[in-house]
Amino acid sequence: MKKDKGPSLATQIDHDVKLKSRYRRWTFGLGGLIVLALVSIGILCLGYYKGIGTIDRFDPFLSYKVGYTKLPSEKEISPNNKATHGYWTAWFTDNTMGNEWTKLTLTTGLNPGVKDPYVMAYHKGSYVKVARIVPRTYINQTYVSNLAALDALLNHKGNTATNNHDLKKYKTQIHISDTVQQLVTE
């Protein structure tokens, strides 16, 4: 008779049960990590598209940009305004081409006496890190032209057929990648 030198059936079953338990732990662990990663990416996307500055602040996929806009009236930006407490919302142009726009909500305080005041905001998505009031002479003419084109679009000074279609988009969205000057002149 030949002696079986391999492991016994009981030892083999015990080994298989241990491997099954180990595979189950690895499967649940990796599945949990994948779910956590998907939820995290979903939260970052939600923060970007809804304009939630607290989420955008920690978003590693966003980079800081410098945007410009015209400073609103003293009444609108006043810290004594009970409705807004000094916070105001405006479209900021993020590049000279006029095709990157972000709607930011921020507070700057009152104009310290700057002639023709504009606001320069250093922002990441909807999170504003720094905002400064600067004179018009410090800003590139292309930015000023883009802001004037947006103002014409929002105040129905451009083509009314284009305005009726695109005005809803400018009121509801947080980020726009259209060239505003083309929309106004069409």
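This report covers the fold, confidence, aromatic pairs, surface and backbone features of one predicted protein model.

## Basis and confidence

Because the model is predicted, local features need pLDDT of at least 70 and side-chain atom pairs count only at pLDDT 80 or more, while totals for chains, interfaces and linings use all residues. Residues are numbered from 1 along each chain as its sequence is written, and side-chain values use heavy atoms, with hydrogens and water left out.

pLDDT is the predictor's confidence in each residue, from 0 to 100. The mean for the protein chain is 84. Of its residues, 87% reach 70 or more. Among the elements, E4 has the highest mean pLDDT, at 95. Helix H5 (residues 160-172) has the lowest, at 61.

## Fold

The protein chain has 6 helices and 6 strands. Both are DSSP runs numbered from the N terminus: helices are H or I with at least four residues, strands are E with at least two. From the N terminus on, the order is α-α-β-α-β-β-β-β-α-α-β-α.

The chain has 186 residues, and 33% of them are buried. Buried means under 20% relative accessible area, exposed means over 50%, and partly exposed lies in between (1.4 Å probe, protein chains only).

## Aromatic pairs

There are 4 aromatic pairs in the structure. Rings of Phe, Tyr and Trp (its six-membered ring) pair if their centres lie within 6.5 Å; planes under 30 degrees apart count as stacked, over 60 as edge-to-face and the rest as tilted. One of the pairs joins Tyr-48 and Tyr-49. This pair is edge-to-face, with 5.2 Å centre to centre and 80° between the planes. Tyr-48 is partly exposed at 24% relative accessibility. Tyr-49 is exposed at 61%.

Tyr-64 and Tyr-122 are stacked, because their ring centres are 4.8 Å apart and their planes meet at 10°. The pair links distant parts of the chain, 58 residues apart. Tyr-64 sits in the loop between helix H2 (53-57) and strand E1 (65-70). Tyr-122 belongs to strand E4 (residues 117-124). Lys-129 lies over its face, 5.5 Å from the ring centre. A charge sits over a ring if NZ of Lys or CZ of Arg is within 6 Å of the ring centre and within 35 degrees of the ring normal.

## Nonpolar surface

Trp-26, Leu-30, Leu-33 and Leu-36 make a nonpolar surface patch of about 470 Å². Patches take residues with over 30% relative accessible area and no salt bridge; like charges are joined within 9 Å, nonpolar side chains (Val, Leu, Ile, Met, Phe, Trp, Tyr) within 5 Å. A salt bridge is a side-chain nitrogen of Lys or Arg within 4 Å of a carboxyl oxygen of Asp or Glu. Areas come from the Shrake-Rupley method with a 1.4 Å probe; for residues, only the protein chains shown count as cover. Leu-33 lies in helix H1 (residues 9-50). Leu-33 is exposed, at 54%.

## Loops and backbone

His-85 is not a glycine, yet its phi is positive, near 55°. His-85 lies in the loop between helix H3 (74-77) and strand E2 (88-93). At 56% relative accessibility, His-85 is exposed.

Asp-116 is also not a glycine and has a positive phi of about 50°. Its loop runs between strand E3 (101-106) and E4. Asp-116 is partly exposed, at 37%. Pro-112 lies in the loop between E3 and E4. Pro-112 is exposed, at 67%. Its C-alpha atom is 8.3 Å from that of Ile-133, 21 residues apart along the chain.
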